[in-house]
Amino acid sequence: MTVTPPGQRERLSPNQLAKQEQIVEAARQVLARDGLAGCTARAIADASPLTKSAIHYYFSDTDVLVDRAMAAHVTTFLDDLRGVAARHDDPRDKLWAVLEAYLDAFTERPNSAFLWFEYWIAVSRADHPEAIEAMLRSVTELFTELLADVGVIDPRARARALMSYLLGAVVQQRVRRRPFATLREEIESLCLP
């Protein structure tokens with residue numbers, strides 16, 4: 001009798017779900033530390049209480065595991081940005097605080113920028129753009145909300161433009177760091193009335 005791995009079953013037990021989450025968390029740690037190339041089943045097993053064979057049992061496809069770990073990174077990142085927004089009452093203060101926190105996150109942890117771009121390249125080469133689209137949509141939705149609260153015309157279009165600007169700014173900040181005040185002026189001319 002063939003046993004179907006839990007990742008392919010329709011329903012998982014609470015114990016199986018907990019083990020999958022342990023594996024995803026270990027993969028997040030490995031990705032943050034070693035990047036995409038270093039995220040192997042062996043490295044994930046070393047970072048978790050489970051064995052390499054358990055990793056393969058719960059995730060027969062490492063790409064699915066990496067997708068889940070990257071989605072978890074984005075979810076945590078967005079939760080952090082929403083936490084920054086929650087500390088402000090004025091819509092403009094929220095917007096600027098979130099944008100500064102967004103850029104600071106990549107400055108403080110430069111490997112995270114490499115990881116995002118590395119991941120995007122890998123899934124593009126694998127013709128699996130849905131993962132990237134989901135990430136971009138999540139972040140763009142946050143910016144759309146913030147821009148709508150400020151009262152800009154067509155906040156969704158402005159949020160997409162802002163997202164493109166920020167992706168470029170993250171790369172440029174690695175080459176030549178510019179103060180947030182300078183970036184803020186550029187963002188104001190791009191997004192705000």
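**View 1. Aromatic pairs across the whole structure.** Searching the whole structure turns up 10 aromatic pairs. Rings of Phe, Tyr and Trp (for Trp, its six-membered ring) pair if their centres lie within 6.5 Å; planes under 30 degrees apart are stacked, over 60 edge-to-face, and the rest tilted. The model is predicted, so local features need pLDDT of at least 70 and side-chain atom pairs count only at pLDDT 80 or more, while totals for chains, interfaces and linings use all residues. Residues are numbered from 1 along each chain as its sequence is written, and side-chain values use heavy atoms, leaving out hydrogens and water.

**View 2. Trp-96 meets Phe-180.** With ring centres 6.3 Å apart and planes at 70°, this pair is edge-to-face. Trp-96 belongs to helix α5 (residues 91–108) and Phe-180 to helix α9 (residues 180–191), so the contact ties together parts 84 residues apart in sequence. Helices here are DSSP runs (H or I, at least four residues), numbered from the N terminus. Trp-96 is buried at 4% relative accessibility, and Phe-180 is buried too, at 16%. Buried means under 20% relative accessible area, with a 1.4 Å probe and protein chains only.

**View 3. Tyr-102 meets Phe-143.** Here the centres lie 5.8 Å apart and the planes sit at 65°, so the pair is edge-to-face. Tyr-102 comes from helix α5 and Phe-143 from helix α7 (residues 130–150), so parts 41 residues apart in sequence are tied together. Tyr-102 is buried, at 0% relative accessibility, and Phe-143 is buried at 0%.

**View 4. A cluster of rings.** Ring pairs join Tyr-102 and Phe-143 with Phe-77, Phe-106, Trp-116, Phe-117 and Trp-120 in a cluster.

How values were computed: Helix = DSSP H or I, 4+ residues; strand = E, 2+ residues; numbered from the N terminus. Buried < 20%, exposed > 50% of the residue type's maximum accessible area, 1.4 Å probe, protein only.
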